[in-house]
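The sequence and the coordinates are shown first.

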Amino acid sequence: FRLGKRVSGNKDRPLLVGFKSEEKKQELMRRLKMLKEARDPFKNLGIGHDLTPAQRANVRKAVETAKKSEQEDTEGSAENWKYRVVGQNTRIKVIKIKQ
């Protein structure tokens, strides 16, 4: 489905794409890195998960937690660590990885 109203000019509108199975969606999301090597019209293509407002709030909260943890860790630790937000929907969590 096309989202948004049609406007005159050359303005692109987002598409909402549905999949019959979660596996197909996961396969597409895993292969997104291949778009970096795509031809010119597809290089600027952006794809993301369609989240509800509550899910977006959870992601935002997890990102804030990761940033706060990273700031606190760099003040007191000699090791360089990065905090990343991983997962989707209800399985969002913050992980600590070595830089």
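## Asp50

Asp50 lies in the loop that joins helix 2 (40-43) to helix 3 (53-76); helices here are DSSP runs of H or I with at least four residues, numbered from the N terminus. The model is predicted, so local features need pLDDT of at least 70 and side-chain atom pairs pLDDT 80 or more, while totals for chains, interfaces and linings use all residues. Residues are numbered from 1 along each chain as its sequence is written, and side-chain values use heavy atoms, without hydrogens and water.

Asp50 counts as exposed because its relative accessibility is 60%; the classes are buried under 20% relative accessible area, exposed over 50% and partly exposed in between, with a 1.4 Å probe and protein chains only. Apart from neighbours within four places in sequence, Asp50 contacts Leu16 and Gln55, a contact being heavy atoms within 4.5 Å. Met34 is 16 residues from Asp50 in sequence, and their C-alpha atoms are 21 Å apart.

## Glu70

Glu70 belongs to helix 3. With a relative accessible area of 24%, Glu70 is partly exposed.

Beyond its neighbours within four places in sequence, Glu70 is in contact with Trp81, Lys82 and Tyr83. Trp81 is 11 residues from Glu70 along the chain, with 7.3 Å between the two C-alpha atoms.

## The salt bridge

Side chains of opposite charge can pair when their charged atoms come close. The whole structure contains one salt bridge, defined as a side-chain nitrogen of Lys or Arg within 4 Å of a carboxyl oxygen of Asp or Glu. Arg31 and Glu27 form a salt bridge through their side chains, at 3.4 Å from N to O. Glu27 is partly exposed, at 29% relative accessibility.

Definitions and conventions:
Helix = DSSP H or I, 4+ residues; strand = E, 2+ residues; numbered from the N terminus.
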